[in-house]
Amino acid sequence: MRLLAYFRSAAARFLRRPQVEEEMNEELRSHIQHRADDLERSGLDRAKAERRARMEFGGQERFKEECREALGGDFLETLVKDVRFSLRVLRKSPGFTVVAVLTLALTIGANAVVFGILNAVILRPLNVPRAESFYGIQRVSAWGTYQSYPDYLDLRDRNRTFEGLAAYNIAAAGLDAGSNPGRVWLYEVSGNYFDVVGVKPYVGRFFHGSDEHGPNSAPYIVLTYKYWHTHFQDSRGVVGRVVELNKHPFTILGVAPPGFRGTLLFFSPDFFVPIVNQEQVDGRNSLDARGAHLVFQVMGHLKPGVTPAQAAADLTSIGFWLEKAYPKDDAQMTFSLARPSLPGDFFIRPVRAFVTGLMLLAGLILLAACANLGSLFSARAADRSREVALRLALGASRNRILRTLFTEAILISLMGGAAGLWGSVILLRGLSVWQPAPRFPIQVPVNPDAKVYVVALVLALVSGILFGIVPVRQVLRVDPYQIVKAGSTGTVGRRITVRDLLLVVQIAICAVLVTSSMVAMRGLVRSLDGNFGFERRNAMLVETNLSMSGYTEDTAPAMQKRMINAMETIPGVTSAGLVDNPPLAEGWKPAVVFADATTDLRPANVAAEPVCYSISPGYFHAAGTTLLSGRSLTWHDDNTAPRVAVINPEFARRLFGSVTNAMGSYYKMRDGTRVQVVGIVEQGKYTTNLAESLQPAMFLPILQSPSTETWLVVRSNRDPQQLAAAVRSALRNLDRGLPVFTTPWNKGMDGALFASRVATVSLGVMGMMGAMLSITGIFGMAAYSVSRRLRELGIRMALGAQRKDVLQAALGRALKLLALGSAAGLVLGVLASQVLAAIVYQATPRDPLVLGGVVLAMLLLGLLATWIPAQRALSIDPLRLLREE
Amino acid sequence: MSGQAQLLPGTLDLLVLKAVSLGPLHGYGVLLRIGQISGRALLIEQGALYPALFRLVRQGLLEASWGTSDNNRRAKFYELTALGRKRLQEETDGWNRLADAIAAALAARPEEI
């Protein structure tokens, strides 16, 4: 009932506003008339009576305002009024509005983008049913999540804490579905994979654990929705079709649902095949090798009520048993659980650190923007102190004035937030379809969801409140009487104010960003022409995998010899060689080696874990790798000859103490074969992390450790495109069905430079935003200080001050703050760069170019920011100024 | 002006309800009525009355309608609603209890303790 009355009154206020207002006026008028009637009766004449009645009544406007508040409905109405008023005020100073909205759009947009990435990569669970209980397992001691297949079977059958454990591997294969043979990326999965994950087929059926009957017993394919859509045109008739995978017949069973793109976030496969058919897909079979940790990931749903810690303990107890049962193959079998969407903690940690760091930086920039806009706002509030004073004198409450100021702030922040969000959504969508590595189906699915929108909105509101709050104290202090009487008082404070501190902090942040982005940029440039132990210029990488054409490790070498010969006969080719996987490409091969004296070949006794390459004799020549001593490998190093290897200095140091000791010495492989060192080549970079520490590496003759993976390195001065065409046709003459991919070696390094590039670009973008913010901040402060001291400066000029003195008086403080902030930021930036060194190769701040660059950039920034205020200070006309004020 | 007391905060609403309960009144009439029933002892700022009236209407305690006053002028007349009557009763009881309690407390003498 009361509520009803409230709403009726509020609605009436809102809907019939003019009428209500009119009634209120009439009522007050009627009151005064009645009072005047009484006064008239007591003997006053009518005019005097009315005047007296009005005076007795008091400030009509104030009471009307109170009445409006009492009526309710005022919140909405005041809001509409405030918004209208604010829009009017903002329209009057378009420069300020544009700067403020743009600043916020950039900073909130940046935050939304970074949060979108954080959300997609770290926060959002995998798109599987009951994702909260879905875990991958990893060995604590090893990097990555690799297990051996026999170990997986034991873990699967012996654990009591998982509903089921599934395993998968990522592989590439050649698919021939009738037309062009091409490379496909697929998951080799355990038969129970779909049942363990809990997805249901979209079309047809899935395979199950019961379909596995030993090696190559389940030639089945389950397509992902995307591949079905793009390659089979959504045809339901695809079920039951037989296609050739690496020349082996496989039957398509069904299609996975649309949202399911495997269980690894960054990698969307084309289809799934049972892991028991590994030999047909990979060209080799490691299903029986307990020591070969080649299964990429093992994962499953925890049973209800089981905690991850309990499950890890359960698995570790199986691990102890495995260590005892298979001492030769298994050691350090302590397990922990990890998110299955990313491959293990060793991967998650740096990603999380990087994204969190980026988020922190974005937040800092937003804070800087708020500080900046806050000081701009209070400068405006000061400029408007006369208006505020007038409104206060006319009966506006301080609350009401603060509310209009806040409305302005929130309005600006919402406009900025909306613009920023719009930009970030476009960017995130673009990022989601971007394929950073053309060889791999790697995607960063960072499509924005509701969380991103909410965060952007909250950030906008919070920042609006943050910078809206800055001028509050100033408004509360306003004494209307003083200001109306004397005009705004230009008190020139010498003490350090909060605003100065904010500006220094902001300049420091900007300097940190500028420093680290310059460090990153220099590191990147240096790593582009660094020496990695091979010569990338004038070399072409030709990627093939002979298993896609049905070759095995036994039949491949003959074909590989013919391929190298074919390359060497191409006109203009100076040399050609072969490697099973080139350095700095994704997917390097780690191996373990033992000292020659070791007889107990258990994992604990491993002497080194070198990166392992199988190469043809011509490889070093073609790759431009310098032989330091000894000999290179030859075609005579075949499986009838003694096992030999060429190693790098780090390998020699780790196993033999020195390079000289190493020549001619022996070491042991995992299977116990003795290998003699016949040559030593220069140290290089091998994994995709350019910032890696010195890695041991060994190069084995391709005839002694065969591989179907075949990368040809072709050195030539010919134009890359012509060369690529010649290479293709030469290889097609050898085998028509072999998929071939060519890239100049320079581009083949994209994977290795990816992290550096991402870091450099994001730091650069942030540095630029920081610089922009600092410019507006310094500009705001300098402009403010000039406008507040115009009169003083005018007097100084009238008394004979030189331009230099005027400039110093007007801008000295701003420049001092700039110097202070830059110095602090430079020091912090140098410290921060040490973190960067882990991501970007050769990122060091101890570089005169970087230090000079930072100083120059900050100087430029100061010049830019103070140019206009300086001009204004210099163009003061003392006569006019003194006359007017 | 001596002999007039300032209103305690919150008591204006009660006085307005009481005044209106004695018969429909326009704003100025409410003032006169309060003056009359309080023996001219209470000082009410004229303008301050209206926010109170609007508030009471919003709370559904009063109902307003336009009419003609004794002076033959248009005026807005206020009447107590059922809810208002109930509220007046409650507030009156509450006030009386408070007044009694305070009177008793103030009348206390040392020998009674």
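In chain A, the axes of helix α19 (residues 556-568) and helix α23 (residues 720-734) come within 10 Å and cross at roughly 145°. The model in which this pair is found is a predicted one, and in it α19(A) passes α23(A) in a right-handed crossing. The residues that meet are, on the side of α19(A), Arg562(A), Met563(A), Ala566(A) and Met567(A), and, on the side of α23(A), Val727(A), Ala730(A), Leu731(A) and Leu734(A). Sorted by class, this contact between α19(A) and α23(A) holds seven nonpolar residues and one charged residue, with no polar ones.

From this helix pair we turn to chain B. Its secondary structure consists of four helices and five strands, and these elements follow one another from the N terminus in the order β-α-β-α-β-α-β-β-α. Chain B has 113 residues, of which 32% count as buried. When contacts in chain B between residues at least 6 apart in sequence are considered, 52% of them join residues at least 24 apart.

The two chains also touch each other, with 22 residues of chain B in contact with 24 residues of chain A. On the side of chain B that touches chain A, the elements giving two or more residues are α2 (27-37), α3 (49-58) and β5 (74-80) of chain B, and the largest share, six residues, comes from α3(B). By class, that side of chain B is made up of eight nonpolar, eight polar and six charged residues.

Technical notes: Residues numbered from 1 in each chain as written. Chains lettered and ligands numbered in written order. Predicted model: local features only at pLDDT ≥ 70, side-chain atom pairs only at ≥ 80, totals over all residues. Axes fitted to C-alpha atoms, helices over the stretch in contact; angles between N-to-C directions. Left-handed = near helix turned anticlockwise from the far one by under 90°. Contact = placed C-beta atoms within 7 Å. Nonpolar A, V, L, I, M, F, W, Y, C, P; charged D, E, K, R; others polar. Buried ≥ 20, exposed ≤ 12 C-beta atoms within 10 Å, placed from the backbone.
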